[in-house]
Amino acid sequence: LAPSGSSDPYGLRRAATILIESAWGWPRTFPSFVAAMQAANQGYTAQGMILDGGQALKLLADLFASRYEALMPEVRHDILEAALLQEDTAAVLNPRALKVRIAAVEQLGADTAFVHTATRPANIVAAAEKKGVQIGEVAKLDSAEGETLLKAVGEVEKPLSEAAKAASPQEIARLLQTLASPINAFFDSTMVMVEDEQVRSSRLGLLRKTNQALRTAGDFTKIVIEG
């Protein structure tokens, strides 16, 4: 029974708040609550009570998302939305990782030029997915700037993962800033939606890979740029 309006018969909002604050106050690393929720669902299954685990996770993620906004009123709404990655249940249900992403997005979001750059791969990939355009593996870029971008992304993937595990938003921001120049160089020199299907699919694959790296901090398309 998910909370709705003033109805919260099991006090789930308060329970979610306690879970989030417990994760924030834990002295060591703290995993996403996905595993805990799955273990709970298995407990019900063992007792013959079959529940929709996927729907339960989605509802829990929605509940956590609503709690974050109440618990962090000082965080700008668009910053929180960018860092939340709400379509990624595991990301939403990891309160410690969310705080790291918020700090990284706050740092990077202050750089308007970087935000404009970071939104370009995300927007093109989203438009291609909406139209059903094939996005494949990076196999045939036919672009020197594309190869440079591919190399740059490859070089930061492991360090980004390590920075996220180490809860270092400053390092995440520093690593992502190194991608700005090769991203801009690629777009300045290379058309993505070309006639050659393999080239187009590869270039879209490169942008998807680039966007995945950028999402270590968050979804920069959510950032509101004033003026």
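I began with Leu 51 and found it in the loop between helix H2 (34–46) and helix H3 (53–71), where helices are DSSP runs of H or I with at least four residues, strands are runs of E with at least two, and both are numbered from the N terminus. The model is a predicted one, in which local features need pLDDT of at least 70 and side-chain atom pairs count only at pLDDT 80 or more, while totals for chains, interfaces and linings use all residues. Residues are numbered from 1 along each chain as its sequence is written, and side-chain values use heavy atoms, with hydrogens and water left out.

I then looked up the accessibility of Leu 51: it counts as partly exposed because its relative accessibility is 46%, given that buried means under 20% relative accessible area, exposed over 50% and partly exposed in between (1.4 Å probe, protein chains only).

Turning to the whole protein, I noted 11 helices and zero strands, and the C-alpha atoms fill a box of roughly 60 × 40 × 35 Å, taken along the principal axes. Of the 227 residues, 41% count as buried.

I also checked contacts, meaning heavy atoms within 4.5 Å: among those with a separation of 6 or more, 72% come from residues 24 or more positions apart.

Last, I looked at charge and recorded 23 positive and 27 negative side chains, with the centres of the two sets 4 Å apart; Lys and Arg count as positive and Asp and Glu as negative, His and the chain ends not being counted, and each charge is placed at NZ of Lys, CZ of Arg, CG of Asp or CD of Glu.
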